[in-house]
Amino acid sequence: MPAWLPPPAVLAHLGLILVVFNMLVLSAAFMVWMERKVCAYIQDRNGPNRVGFEGVLQPFADVIKLLFKEELRPKAADALLFAIAPVISAAAAFAAFAVIPFGTSTTLWGLLDQPIPLQVTDVNVAVLVIFAITSMGIYGIVLAGWSSNSKYSLLGGLRSSAQMISYELSYGLALAAVIMLAGSLSLREIVLNQAGTWWGFIPRWYVFLQPIGFLIFMTAGVAETNRAPFDFPEAEQELVAGYHTEYSSMSFAMFFLAEYVNMVTVSAVATSLFLGGWLGPFLPDWLAWVWFLVKVFLILFFYVWMRWTLPRYRYDQLMEFGWKYLLPVAVLNLLATAALILWIG
Amino acid sequence: MDVIAFYIFAAIAVVASVLVVGQKNPMHSVMLLITSFGALAGLYVLLDAPFTAVTQIIIYAGAIMVLFLFVVMLLNVPREEPAPPAVSALLGPTGIRIGVILSLLLGAEIVWALSRIGLGWFPQDPAAASVSSVALIGASLFTRHAFAFEATSVLILVAMIGAVVLARREH
C-alpha cells in the first residue's frame, strides 16, 4: 500500500460510510417501488411494470425526470430558507442512521488487523442522538412551510410541527422504557442484551417484555414520519401537497427522499430496540446483517400495507389521540416497567 | 485537531449569536439561534460530555426553538420596523437606556470574573472524563442536587398552570 494513503482502518471506515449512505439511497428507491407495487396490488392493479423487471427501475426513471425539471421558487418566498429547508430534511434523515448498528464486526476477510464494527459510529448515548436528530428534521418541514409564503404550505408546516411535537413525547417515553430494561443508551449494547432465548425457543427480544412499548413506538413512529394514517402535513384534499406544495424538481425529490429514509431509520431503530437487531438463528456471524435487513424490510412492508389500508384520521382526532390516549399509556407503561424492574430486580 | 474544532464551533456560536440580534426578520433570528445552540452542542462534545450535548440539542434546539418558531409563524410578524435614527444610544428611549446600563454591568462582571480566575488554561481534571456517564449524572441529580431538581420541576409546573389559565381565559 502506498505511504500517502491513510491507514486501512480509516479507509475501511470511509468505505463503511459510503456503503451505508448508498444503501439508504437505494433502500429509499426500493421503498418507492415497493410502495407503488403493493398499493397497486391492494387496489387490484398492476402498478409500474415497464421500466426494468416488474418496474424495479421506475424510481430511477423518476429521479432522472425530476433532475431535468425546472426548479421553481415563488416570488415572495424567503430565498435562503426556501433553499435550506429540503437540505435540513434530507441531512437529518441520513444523519440519524449513523449510530445504528446493523451487524457484528468484520475484518473484510483478513484485510484489516482490527475488526471494524458494522456501524458508522458507536456513541454511548446513541438512543438520545437518534431522538435529537429526528427532532431536527422538523425544521426542514416547518421552514419549507413558512418560507414558501403560501397558505397551504404554511398550514402543512404548522400541522406537521404540532403533530411531531405531540408524538415525540410518546416516542421518547417508549424509548425510555427499553433503556431502563437494557440499562444502557448504546444501541449496540441494547441489541447484545437481547441475545439468547427463553425456554430455548422464544428469543429474548424486548418486544416480548415491552409489547405496549412496541405498539406505542410504532404508532408514534408513523406519526413522526408523517405517514398515513397520520399524513396530515400533506393531506391532499385539504392542503394540496402540504409543506412541499411550492417545491419542484430536486428540492421536491429531497423531501421525498427524506421521508423514505426516515421510514427506514424508524424501522431500523424499532428493529434494534425491540426485535433484537441483527441477532437471529441459522446464519453465521458474518452474515448476521441479513437478519437485520429482513426485520427492517418486514416493518417497512407493514408501514406500506397500513398506508393503503387505513383511511386518514381527522386532525383533531390525531391530536386528541396523541395527548389523551397515547401519552398517558406511554407514561403508565414507563411507570409499570420501572416498578417491575425494582420488584424483580 | 480538538483546538481547531473548538475555534470553529466557538466562532460559529459567537457569530450566530451576534447575528441573532441584528436580524430584521424574526424567523432568521430563530434559525440563527438554533445554529448557535448546535455549535454549543459541538463544544460540549469536545468537552467529553456527549450527554450534555445531546440534551442541549433535544431540549433547546429541538423542543424550545420549535415552540419559538411556532409562535413566530402563528403571529406572522413580517419584519421589524427599522428603529428611528437615535440621536445617541444613551439619549434614546427608556428601553435602550436600560439595555445600555445592563450590558455595561454585564461587561464589568465579565472583566471582574476573568480577573479573579486568570486567563490561563484550565487544569485537566482526571475525574472530569467520567462526568459523561449518564448513570453518574442521574445519581447526582437525585442525591446531591435533589433540591434544585425538585425546585425546577415545581417552577415548570407553575409555568404549565399559568399557560392553562391564560389559555382558558378566553372562554
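# Salt bridges, core and interface

Visitor: Is Asp62(A) partly exposed or buried, and at what relative accessibility?

Guide: Asp62(A) counts as partly exposed because its relative accessibility is 22%, and buried would require under 20%. Please keep in mind that this is a predicted model.

Visitor: And which side chain meets Asp62(A) in a salt bridge?

Guide: The partner is Arg36(A), with an N to O distance of 3.1 Å. The two come from distant parts of the chain, Asp62(A) sitting in helix 2 (residues 58–67) of chain A and Arg36(A) in helix 1 of chain A, 26 residues apart. Arg36(A) is likewise partly exposed, at 36% relative accessibility.

Visitor: How many salt bridges does the structure hold over all chains?

Guide: The total over all chains is 3. Another of them joins Glu35(A) to Arg307(A), where the closest N and O atoms are 3.2 Å apart. Glu35(A) lies in helix 1 (residues 8–42) of chain A and Arg307(A) in helix 11 of chain A, so this pair ties together parts 272 residues apart in sequence.

Visitor: What about exposure there, is Glu35(A) buried or exposed?

Guide: Glu35(A) counts as buried, at 3% relative accessibility, whereas Arg307(A) is partly exposed, with a relative accessible area of 23%.

Visitor: Which residue forms a salt bridge with Glu320(A)?

Guide: That is Lys324(A), with 4.0 Å between the closest N and O atoms. Both residues lie in helix 12 (residues 315–344) of chain A, and because they are 4 residues apart, about one helical turn separates them. Glu320(A) is partly exposed at 38% relative accessibility, while Lys324(A) is exposed, with a relative accessible area of 54%.

Visitor: Switching topic, where is Lys295(A) found, and what is it in contact with?

Guide: Lys295(A) belongs to helix 11 (residues 289–307) of chain A, and it counts as buried, at 6% relative accessibility. Setting aside neighbours within four places in sequence, its contacts include Trp205(A), Thr271(A), Trp278(A) and Leu279(A).

Visitor: And Val264(A), what does it touch?

Guide: Beyond residues up to four places away in sequence, Val264(A) touches Leu24(A), Ser27(A), Met31(A), Phe97(A), Val296(A) and Leu300(A). Its place is in helix 10 (residues 249–274) of chain A, where it counts as buried at 6% relative accessibility. Between Val264(A) and Leu300(A) there are 7.0 Å from C-alpha to C-alpha, although they are 36 residues apart in sequence.

Visitor: How many residues has the largest nonpolar core?

Guide: That core has 113 residues, and those with the most contacts inside it are Phe217(A), Leu273(A), Phe274(A) and Tyr303(A). Helix 4 of chain A supplies the largest share of this core, 16 residues. Among the residues that Phe274(A) touches, apart from those up to four places away in sequence, are Ala174(A), Val178(A), Trp205(A) and Phe217(A).

Visitor: Now the interface, how much do chain A and chain B bury between them?

Guide: Together they bury about 1,900 Å², with 84% of that on carbon and sulfur atoms. Tyr139(A), Trp146(A) and Leu158(A) lose the most area on the chain A side, together 31% of what that side buries. The contact takes 21 residues from each of chain A and chain B.

Definitions and conventions. Residues are numbered from 1 along each chain as its sequence is written. Chains are lettered from A and ligands numbered from 1 in the order in which they are written. This is a predicted model: local features need pLDDT of at least 70, side-chain atom pairs count only at pLDDT 80 or more; totals for chains, interfaces and linings use all residues. Side-chain values use heavy atoms; hydrogens and water are left out. Contact means heavy atoms within 4.5 Å. Buried area is the accessible area (1.4 Å probe) that two parts lose on being put together, summed over both. A nonpolar core is a set of buried Ala, Val, Leu, Ile, Met, Phe, Trp, Tyr and Cys residues joined through side-chain atoms within 4.5 Å. Buried means under 20% relative accessible area, exposed over 50%, partly exposed in between (1.4 Å probe, protein chains only).
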